[in-house]
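Let's walk through this one together, piece by piece. Keep the structure open beside the text and follow along.

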Amino acid sequence: MTKLLEVNNLSISFTQYVQGLNRHDSKVITDLTIDVNENEIVAVLGSSGSGKSLLAHSILGILPYNSHVTGEIKYKGEVLTQELKEKLRGKEICLIPQSVNFLDPLMKVSQQAIGECEDDKEREEKKIRQREVFSKYGLDESVDDLYPFELSGGMARKVLLSTALLGDPNLLIADEPTPGLDKQSVEETISDIKNLKEQDKGVLLITHEINVALKTADRIAVFYSGHVIEINTAENFKDADNVLHPYTKALINSLPRNGFKLTEGVQPLDDVIGCPYYENCPVRMDKCEKNKPKLINHNGVMIRCFNYEEVNDES
Amino acid sequence: MIYFYKSFFNSFFKTNLYTLEMIKINSKKLAKFLGYKAIRLLILLVVIAAISFIMVQLSPIDPVKAYLGQRIVSQEQLAIMGEYWGTNLTLGERVLGWLQTLASGSMGFSLIYRAPVTEVIAQKFFASLTLMIVSWIISGVVGFGLGVIAGAKEGTLTDKAIKTYCYILQSTPTFWIGLVLLMVFSVYLGWFPIGLSVPIGQLSDTVTFWQWLYRLILPAITLSIVGIASLTMYTRDKLISVKNSDYFLFAQARGESFWGMIKNHGIRNILLPAISIQFLSFNELFGGTILVEQVFAYPGIGQATVAAGLRSDVPLLLGIVIISAIFVFVGNLIADVIYQYVDPRLRSEDDE
């Protein structure tokens, strides 16, 4: 079976001019590898502001012009070029954005969901489809004529979700779908996303809320300082002993239900030569400082840590 | 107090009652808005009239001398002239006299045109109004169009060319542009007449529409040029901020085409503020008219203003000042109304 989405060794950096004409490349995502199958929800879990959204933007080809991208992205086995991204976005690959700010403030929501049309016939067809999807998510006809600022938080979520589903996509990218929502809305969003899986769609869920990732996803990729350090099943995430990377273990132990054990240290802002977790790692070795571990497969779990590489070598 | 809140919230949730209340608040709000504006206009007019009176009083120009020029007249004739121009009156007498005339429903009698002020203004203002409307529309359409193109193609050569053009225009005085256009198109190329709204030696009643339009082109272009620059820069800036917005990004992610997005999301979000800016520019338009009419010898309100000022025609000057103040005020009022009652976001805030 070909994978729905494959991202191999993706790196994204931005060229900035600091102090006059000195160019500075700031690397936001380094060597990111991840894949999504049909019928699967994969969560990318990382702290706020770590550049997770850029992964979504690069899949859709909407990165700003001063960004520099290396690596490859494949959709159904085919390499996604910029032209292909432009062809597929909004149809096969859709984005569920963060908040109501992603809707045009001066356009009625139904009009916005329908989007661009070539002629009246297409508009009418899309209008019927829009009504269908909206009603499926409990949005009645009075919602059609509302402006985005008139929507409540929960309604806005459903509008954004329905808007993304209008084109009947195979792959959905949900970028922080639950910020600032009350508990009930979060539960609803989680069940809505899980529901998509049952419709044979693949979902890439980008979030910083570990509980949302745990409840929703089949697999979770942990994003640390621009690197994916571990991709493990959500099942294994329930217990700190079942995850491999020391950071992931620390993350799970820090959850309230697991004893609230906090560790010191912050994520490095700039790209480092060695392992990004070197400074805070309890099990670090000498070579971790100058060498960067690769993302390797260790008994079906993707892990970026020398501790497991050695185990592999010995066995 | 608690009881008050409770009853307030109870009535809040009775929808039909609430709707009724909403309409009431709305009409009340509108009445309040217009009443407030009317009071402001009144205060504005009083202040402007007062300043004009003081300026005329302080003016070093002796209207009798200005009228006579180099002609030699006797002392008796001078005294009659002085009475006609009101040089023997004090400021208080002038103000009182003017207010009395105003109370009787007229604006007085123009001393240099020897006709009622209202008649002079109506005639001159109409001539200028066509000039102003034509150039207002040209600057609006061209300015907005250039702004959209520059904003959409931000950073390209097209954008840089438009930006440079705007900076040059913005930093050039209107009358100078008028002179340059006159030299190029009327003197060297001979495409347009040098001045006047009517061909020399022809009665104004016999002028055809095309003759009139032909003579309007150059002054109208001059007047619109400065308006273009500021509107273009404003539109460009607004469009760029829309392009950087989250909703523009989402529209892109949903596969909308670039120019479709500029049309659907860009123009939709910048048209309203751009129209408001254009209405706010009425004062520049009026100021520009005065200069352009001087350069092109176009007999409109601008020339009448200059004449009234230089020759101390107090009734006419005050009439023009008041009419122009109302003109600019109406422009600002329209801009305000557009923001408050057309934008759905502000409109609803009013409802609540």
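Strand 6 of chain A runs parallel to strand 7 (residues 171-175) of chain A, and 4 bridges join the two. Helices (H or I, at least four residues) and strands (E, at least two) are DSSP runs here, numbered from the N terminus, and two strands pair if DSSP finds at least two bridges between them. One of the partners to look for is A:Ile96, whose bridge partner in strand 7 of chain A is A:Ala174.

Before going further, a word on what you're looking at. This is a predicted model, in which local features need pLDDT of at least 70 and side-chain atom pairs count only at pLDDT 80 or more, while totals for chains, interfaces and linings use all residues. Residues are numbered from 1 along each chain as its sequence is written, with chains lettered from A and ligands numbered from 1 in the order in which they are written.

Back to strand 6. In a regular strand the side chains alternate between the two faces of the sheet. In strand 6 of chain A, A:Ile93 and A:Leu95 point one way, A:Cys94 and A:Ile96 point the other way, and all are buried. A residue is buried if 20 or more other C-beta atoms lie within 10 Å of its own, exposed if 12 or fewer, and partly exposed in between, with C-beta atoms placed from the backbone.

In chain A, 8 strands form an open sheet with mixed pairing, in the order 6-7-8-3-9-10-12-11. Its edge strands are strand 6 (93-96) and strand 11 (296-298) of chain A, each pairing on one side only. From one strand to the next, the twist averages 20°; axes are lines fitted to C-alpha atoms, for helices over the stretch in contact, and angles run from 0 to 180 degrees between N-to-C directions. Further along the order, strand 9 (residues 219-224) and strand 10 (residues 227-233) of chain A run antiparallel, joined by 6 bridges. There, A:Ile220 has A:Asn232 in strand 10 of chain A as its bridge partner.

## The other sheet of chain A

Another open sheet in chain A has 4 strands in the order 2-1-4-5, with antiparallel pairing. Strand 2 (22-36) and strand 5 (78-79) of chain A each have a single partner strand, so one side of each is left without a neighbour in the sheet. Strand 5 pairs with strand 4 (residues 67-75) of chain A over 2 bridges, in the antiparallel sense, and A:Tyr75 stands opposite A:Glu78 in strand 5 of chain A. Helix 1 (residues 52-60) of chain A lies across strand 1 (5-18), strand 2 and strand 4 of chain A, at about 80° to strand 2 of chain A.

## Two domains

How is chain A divided into domains? The assignment gives domain 1 (5-102 + 170-314) and domain 2 (103-168) of chain A; such bounds come from an automatic or database domain assignment. Taken over C-alpha atoms, the centres of the two domains of chain A are separated by 30 Å. The contact takes 14 residues from domain 1 of chain A and 11 residues from domain 2 of chain A, where two residues are in contact if their C-beta atoms, placed from the backbone, lie within 7 Å. On the domain 1 side, strand 6 and helix 7 (183-198) of chain A are the elements that give two or more residues, and helix 7 of chain A has the largest share, 4 residues.

Look also at A:Ser135, which lies in helix 4 (residues 120-136) of chain A. Why is A:Ser135 classed as partly exposed? Because 13 other C-beta atoms lie within 10 Å of A:Ser135.

## The cores and chain B

The largest nonpolar core has 127 residues, and those with the most contacts inside it are A:Ala43, A:Ile173, A:Leu205 and A:Ala221. A nonpolar core is a set of buried Ala, Val, Leu, Ile, Met, Phe, Trp, Tyr and Cys residues joined through C-beta atoms within 7 Å. Helix 9 (residues 209-243) of chain B gives the most to this core, with 12 residues. Domain 1 and domain 2 of chain A both give residues to this core, so it lies between them.

Chain B has 15 helices and 2 strands, and 31% of its 352 residues count as buried. Where the chains meet, 19 residues of chain A are in contact with 18 residues of chain B.
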